[in-house]
Amino acid sequence: MATTQGPMAQAAPPDSELSHDWADGNSANRLTGYSSATPLNQAPTEHSVHSSELSPNRTSTSFRKTRSALGLHPQAPIDEEHDQGPRSELLWSRIRTVLREPFAEFWGVAIMVMFGDGSVAQVLLSTGQTTAPGGNGFGSYQSINWGWGLGVMLGVYVAGDSGAYLNPAVTFCSCLYRQLPWRRFPVYFIAQMLGGFVGSGIVYANYLSAIDWFEGGLRTVPPAEKATAGIFCTYPQAFVTKSSQFFSEFIASALLMFVIFALKDPSNNGVPKSDKWFPLCLFFLIFGLGSCFGWQTGYAINIARDLGPRLMSWAVGYGTEVFSAGDYYFWIPMVAPFLGCAFGGFLYDIFIYTGPSPVNTPWLGLKHLTPGYARRELRAHARRNKEDGIV
């Protein structure tokens, strides 16, 4: 999940359209010369504000070339002494400099999935436990919504240097509507998928004994009576038709993207102006989606949160039924979030957003599909990027 924005059209400087990451200026940012038009990757860290300014020449040339090839900003978002001091000679420090943002996405998604899947595991595996307060297990469905909301909020805090997208569909919409470089999408996608796989694997390892006890040593998927596969990925209710499955994921994803764009719109006077409140707002958004749209399909709304853990559960012994269950439901959380988020982002931009967006161009952006116009825009975009040192 998480975010990108463009500055207000009427107040933005000419180069503001090159803002590629979620960033919004607060009082501290303004004091240090950082604004919403500045890519997040160029924002001063808490330490660098008091030590040295971030210089475009700070990251070594070889690192800049590698990062640029991956679609990342040439300058890594780290303090100068970590890049040019003795630590920069260490192999792992060099790797971390090149892949800092993908690592942030990886751990942001892993944290999100650990909290989310962990809440499902605790609620499901403790069902009927008389030792729990109330005598009926340690948690309820709302506990799961709390877990996922907290997981997303904490994942956004962890992945701040990368833009904290945490969701390939959100990353896709950021490329489509908010000028995040398309070359960045593949490396973010891989990092997010691996984060979902590893995060769910940690939950499985933690609850292995409980799963064996609850399921009797078997590994089953819904609708089996004591199936535990639902801890890791989503499965639809047995009565939900294929079209309803798709629409349920589509509408939840559209709401997700619509509200994220609203929260990140600097011209929207109804949201906090400081980005420090954004993760908390996301917590309430995810909690609300789970409470209002989660029952029928489990509100995956994120391929990394669903397919990554699904592959993990297949690998540890749940078998191919993780794909065939629900009349091969597995493809819906892969497709519906991309289409739903694209639709939600389109709705926000066409009705509310006034900043830089393909929707705010001739023919609602459809002119970009004509060969001649597309070639001119690509050349102009490449020229601007070269002049500004931004990929």
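The model is predicted, so local features need pLDDT of at least 70 and side-chain atom pairs count only at pLDDT 80 or more, while totals for chains, interfaces and linings use all residues. Residues are numbered from 1 along each chain as its sequence is written, and side-chain values use heavy atoms, with hydrogens and water left out.

**Exercise 1. Determine how many salt bridges the structure holds, and describe the one formed by Arg178 and Asp349.**

Solution. 
1. The criterion is a side-chain nitrogen of Lys or Arg within 4 Å of a carboxyl oxygen of Asp or Glu. A search of the whole structure with it returns 6 salt bridges.
2. In the bridge between Arg178 and Asp349, the closest N and O atoms are 2.8 Å apart.
3. Arg178 belongs to the loop between α8 (168–177) and α9, and Asp349 to helix α15 (residues 332–351); the pair links distant parts of the chain, 171 residues apart.
4. Burial is judged by relative accessible area: buried is under 20%, exposed is over 50%, and partly exposed is in between (1.4 Å probe, protein chains only). Arg178 has 4% and is therefore buried; Asp349, at 0%, is buried as well.

**Exercise 2. Describe the two contacts of Arg310, with Asp306 and with Tyr235.**

Solution. 
1. Arg310 and Asp306 form a salt bridge whose closest N and O atoms are 2.8 Å apart.
2. Both residues lie in helix α13, 4 residues apart, about one turn of the helix. Arg310 and Asp306 are both buried.
3. A charge sits over a ring if NZ of Lys or CZ of Arg is within 6 Å of the ring centre and within 35 degrees of the ring normal. The charged end of Arg310 sits over the ring of Tyr235, at 5.0 Å from its centre.

**Exercise 3. Classify the aromatic pair of Tyr348 and Tyr353, and name the members of the ring cluster that includes Phe172.**

Solution. 
1. Two aromatic rings are described by the distance of their centres and the angle of their planes. Rings of Phe, Tyr and Trp (its six-membered ring) pair if their centres lie within 6.5 Å; planes under 30 degrees apart are stacked, over 60 edge-to-face, and the rest tilted.
2. The structure holds 22 aromatic pairs. Among them, Tyr348 and Tyr353 are 6.4 Å apart centre to centre with 35° between the planes, a tilted pair.
3. Tyr348 and Tyr353 are both buried. Arg178 lies over the face of Tyr353, at 3.8 Å from the ring centre.
4. The cluster linked by ring pairs consists of Phe172, Trp182, Phe185, Phe189 and Phe338.
5. Phe172 is found in helix α8 and is partly exposed, with a relative accessible area of 24%.

**Exercise 4. Characterise the backbone at Pro222 and Pro223, Tyr299 and Tyr328.**

Solution. 
1. Pro222 and Pro223 are joined by a cis peptide bond, with omega about 10°. Pro223 is in the loop between α10 (208–215) and α11.
2. Tyr299 has a positive phi, near 40°, although it is not glycine. Tyr299 occupies the loop between α12 and α13 and, at 7% relative accessibility, is buried.
3. Tyr328 also has a positive phi, near 60°. Tyr328 is found in helix α14 (residues 321–328) and, at 48% relative accessibility, is partly exposed.

How values were computed
Helix = DSSP H or I, 4+ residues; strand = E, 2+ residues; numbered from the N terminus.
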